Amino acid sequence: MSMINIAERHKYILDRLAEKGYVNVIDLCKELDVSGVTIRKDLKLLEDKALLFRSHGGATVNNPYINDKPVNEKEKLRRDEKNLIGAAAATLIAHNDAIIISSGTTALALARNIHPKGHLTVITPALNVAQELLRYPEIEVLQLGGIVRNSSSSVTGNYAERILADFSCSKLFLGLEGIDIEFGLTTTNLMEAQLNQRMVAAAQKTIVIADSSKFGRRGFGKICGLEDIDEIITDSGISAHIVKAVEEMGINVTIV
């Protein structure tokens, strides 16, 4: 595809974006037979026209950087998808299990789909998740303590982190704000990211519960890399190339 003009390159880049949701500079260099400098200039020009968002090593259709929103506002977004994800995640909970449920609206959807058939121990930083589960006498809830964040109805801080050091659970169900193939898993708050890191360390298996809009996005605080998780449960809006890339890393993907 060498010797094509700038307009043809831009059309090719935008077509690839429409098809895949993101483009990689290295791949575009090979496919268009041009230098990385040329591709980066192309991406900047297209970003200036508001046709894409540049990110590390490439570009995406959606803004990859996330602003924090109140939990009651986030709960209204993609409600059906979150409920389906929560229902699928609930089926992974075993009899006499001991699990961690993170904060977030998808985590709350999971809590609403738990119908215990035996004893279950749940550790959570999220006040709304704990409140949802208190209606079941079979569920023992360990509410982490600390500073309550109004936007997430969840605690953060050293107290919560120290408590987690005393426990080992079978599974962590992790809600988050962004999943980027290269950068990893993120949330919008640094203290919340640090607590999530401790939760990953306290669980034998980490299961990410996230709707498809979270892919290709980044929050401010990094939780961990994709190599630290075992499974992702998401909705059918996820693009096939992301599923392929994640599965090639040895991560099981369940689509609801």
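Me: Which strand holds Thr124?
Reply: This is a predicted model, in which local features need pLDDT of at least 70, side-chain atom pairs count only at pLDDT 80 or more, and totals for chains, interfaces and linings use all residues. Residues are numbered from 1 along each chain as its sequence is written, and side-chain values use heavy atoms, with hydrogens and water left out. Strands are DSSP runs of at least two residues, numbered from the N terminus, and the run at residues 120-124 that includes Thr124 is strand E5.

Me: Is Thr124 buried or exposed?
Reply: Buried means under 20% relative accessible area, exposed over 50%, and partly exposed in between (1.4 Å probe, protein chains only). Because its relative accessibility is 0%, Thr124 counts as buried.

Me: How much area do domain 1 and domain 2 bury between them?
Reply: The domain assignment, which is automatic or from a database, gives domain 1 as 4-58 and domain 2 as 69-253. Their centres, taken over C-alpha atoms, are 34 Å apart, and 5 residues of domain 1 are in contact with 4 residues of domain 2. Buried area is the accessible area (1.4 Å probe) that two parts lose on being put together, summed over both, and for these domains that comes to about 390 Å².

Technical notes: Contact means heavy atoms within 4.5 Å. Helices (H or I, at least four residues) and strands (E, at least two) are DSSP runs, numbered from the N terminus.
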